[in-house]
Amino acid sequence: MTTAAAMSVLSASPGKRRRMVETWLRGLSTTDPDLSLVPALYLTSATPMLPPRDGLHAVTVGEEVLDLLERDFLPRCHPPVATVVRRKIELARIGCQTGRGLIFQRIGRDDEARAIWQDNLARYERLGCTNQAAVQRINLASLLAVFGDNAGALREFAVLYENEAVVSEIRREALNFAALVALGTGDQRESARLARLSQDLVGPAGERTRWQALRAEEGDEEIPDVEAHPVVQSILSGFRDLPTLARAAALDGRPLEPPMLGDNPVRDSVLRGLALAEADRTDEAITLLRSAGDTAAEQGLLWWHLIARDGLAWELADTDLPGAMEAALEAVDVAELLRGAVLDADARSHVGGALSPHMTAMTMMLGVAARSEGKLRALALYRAFELGESARSRTFLEMLGDTVAPLTGSRIVRKESRLRERLTAELAAAAETGGRDRQRALTRARSTRAKLDAVVERLARGSAREADYAELRHGVPRGYDAVRRLLGASANGARPRAVLFSYYLMNSELVVVLVGREDLKVPELVTVTISEEYITAAAASITGDTIRPGAEVRADWQTSLAPLVAPISAWSEPGDVVWIVPHGPLHHVPLHAVEVDGVPLLQRNPVSYTPSASTMSHCQRRRTGRYDRIAAFADADPRSPLPYSRLQARAIVDLFGGDEVRLGRDANRAAVVAAADADVLHLACHGEFNSEDPLASGIWLAGQAEGELEMLSAADLLDTRLDVSLVTLSACRTGLSQNRPGDELIGLTRSVLYAGAATALIALWSVEDVSTGLLTHEFYLRLRRGEAAAAALRAAALMIRDLPVDTVLAACATARQAAREDGDEQAELLLLQDIADLHHRAGHYAEAINTYDELALRLPLERRGIANTGAARARLARRRPTPRRDDLRPFAHPYYWAGFVLAGDWW
């Protein structure tokens, strides 16, 4: 049966409709009936997409068809077949009820929708469909939570996740939702307990997946488990973060996940097409995916339209590249429609990443470029760059757009500003209300958003100034021409040329680098063969404490990562600013420390990083060139002092000729916020990266009471305005972020740039106190002399790397004297230990023994073990004929000088 024939049932008169159905029923075999011919299965799947009145009509018609099937066809079936058909009819009736419930939910008939979910739950349980019933219970519990009955929602979730007959994948969903609901009630302990249960829940070996279990209960074992198909996996991956999904559903009042449940012929056709593709039956897969995509487009089933076109693009890639490109670009357009329907910014970052057909389209464009020459190659590379930028940090760009000052003057700009203010107010109203009031507020917000999008399109077609404003203000990814304008050197040579290297991990074995340079009218394409698995392992092994000298680190990481920086050697000259835009795990790899042309990249070139190329436009717009006033905050935690940071902060403030230094208890959050208008904000305090919740990462500052600490988190910075040229986060692991789907980044780096800083100096791993103090002092000294930020960091890092041990000892002695004058005994003793350790490393064993002995005399009895052990080691070493190492460079290892990176404007 065609979809058009099935839909024609809706418009037929009751008599004609009955005759049509009777004709179809007469064509069914009574021994092996193909119930997919029954129009009710098409009608019920379309109901949520139809206007409410038409959808309810479709449900009613579907139920009429099922009545005829039960009355006229079922009695003619052989008994074993009749049992199967009866079950199919009951499942289809539940499907009709589901369609009715979704419509009731849309139009605010919440009590009736709740009654339907409860009835469906009971009916599934009677049929023995344990997993289908579990999914209905999740729907019911989620509805209860959305409308404020958190206690009822938690009761339903508890019944579900305690039921061991339900597959573990569905039970984990229930636990994640329950954790979010508990958090909403303020019970953080219970929320954490439920989250841990979800993480620890592991099903038995060979357990069915969620998809397999649900389809088996529907009696359709023939459809394979295609959730593992790469296309489906890429679409669904962003929806595995169920707490965020729940937040989005609560705000937008609509389900975001593709409709995987119930009878849906379009879905089944798409998934069968993908299964054929997996079986290498390419011609059949192409035919089915093309027709299923067309049908999905006709019916407005955007999810399945997207998945079908994305799958079709991959199947056509080897034989019909233009057709593949057309399918991929159509998928991009559909994804933008779906993404635009989500009003909540946090949810939109997950949805945008989960949809992400931009990478598919980019792959097709790169394929065209690789096989073409001349104008076609240039056009393909140009478009590939745009698609790649659309796949990166899209929501972050939209957030940055909020920080762009409105234009003044034209009427269209004033209208844009009014609509933005109205949309903000309507979203706030939707977040504060519930039930029908929320639905009405969301309807108004969507209408306002549509008007705003139309105004933005008009701005984009206006003057160059208006088009530039529209792109920046509304988070539109920048095209290659706009990025290229950022790369040129100044006429007088004061500003060097910059070269962009934009990395993309295309698959498990291939990295693509798009090179941008002022003299390149289109980006250049470079491919690197390297294992993504190895890059991920390298990111884990060379970031953090494992990079310390003597730690167990892969000794070949320099050699193995060298192919990633080879394009930099080929397309840049020494002294060019190298601007790197990483992708995926490369965000955590210090590419500037990898050797190129026999030396570390940072020795050859100044280096700057950004989350996307488009981000740089925002950073450079904020450039003031002022480095006159600094506010420094240091050593806020008395339980874990940073002895050198106090001297560091004072010396830096003296360098700037100011007096804004806050130490110890004075280094608190209120003081930091009050100093947000300084040119430079320097924080030398302990930091923390929270891998499970990166927005909870931050810097520990002094609290209100003696001995208390308070965190300045990434989330706090998103609500703070920083009118500063530079923020230095001289703390542990402040540069780490978590990657969301679509390469969105969350963490301190993004938050600092969003808050208003043009540039951020941040740490990739836990940094050593003495080397950090010396590096930042040299960095600021060079900034004050007028050097560009990237060049200043390069020079400071190389200076630290090459410092002889005597110079470092002298710096430690100066710091110790300053600590003594301040009466800071604890800091002085820690510096004394640093001095002893440096003497030992340099083979100054007599000096090391004397210093360790002095330290032991001044330490409390219970803490003398470290000093005594150090002295014993030095005495033992002195017996060996080991020469003094006066040429020792104690900070030569990358751990000391490569931990800091510059994010944002390099100038």
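Me: Asp597, buried or exposed?
Reply: Asp597 counts as exposed, because its relative accessibility is 55% and the cut-off for exposed is over 50%. Bear in mind that this is a predicted model.

Me: Where is Asp597 found?
Reply: In the loop between strand 5 (595-596) and strand 6 (599-600).

Me: OK, Asp635 now. What's phi for Asp635?
Reply: Phi of Asp635 is near 55°, again positive in a non-glycine residue. Asp635 sits in the loop between strand 8 (630-634) and helix 30 (643-656).

Me: Why does Asp635 count as buried?
Reply: Because its relative accessibility is 5%, and buried means under 20%.

Me: Switching topic: which residues gather in the patch of positive charge on the surface?
Reply: Arg411, Arg414, Lys415, Arg418, Arg422, Lys451, Arg458 and Arg461.

Me: Which helix gives the largest share of the positive patch?
Reply: Helix 22, with five residues. Helix 22 (411-432) and helix 23 (435-460) each supply at least two.

Me: What about Lys451, which helix is that in?
Reply: Helix 23. Lys451 is partly exposed, at 44% relative accessibility.

Me: Last one, Thr772. Buried or exposed?
Reply: Buried, with a relative accessible area of 4%. Thr772 belongs to helix 34 (residues 769-784).

Me: What is Thr772 in contact with, leaving aside neighbours within four places in sequence?
Reply: Gln648, Ser730, Val767 and Phe900.

Notes: Residues are numbered from 1 along each chain as its sequence is written. This is a predicted model: local features need pLDDT of at least 70, side-chain atom pairs count only at pLDDT 80 or more; totals for chains, interfaces and linings use all residues. Side-chain values use heavy atoms; hydrogens and water are left out. Patches are made of residues with over 30% relative accessible area and no salt bridge: like charges are joined within 9 Å, nonpolar side chains (Val, Leu, Ile, Met, Phe, Trp, Tyr) within 5 Å. Accessible areas come from the Shrake-Rupley method with a 1.4 Å probe; for residues, only the protein chains shown count as cover. A salt bridge is a side-chain nitrogen of Lys or Arg within 4 Å of a carboxyl oxygen of Asp or Glu. Lys and Arg count as positive and Asp and Glu as negative; His and the chain ends are not counted. The place of a charge is taken as NZ of Lys, CZ of Arg, CG of Asp or CD of Glu. Helices (H or I, at least four residues) and strands (E, at least two) are DSSP runs, numbered from the N terminus. Buried means under 20% relative accessible area, exposed over 50%, partly exposed in between (1.4 Å probe, protein chains only). Contact means heavy atoms within 4.5 Å.
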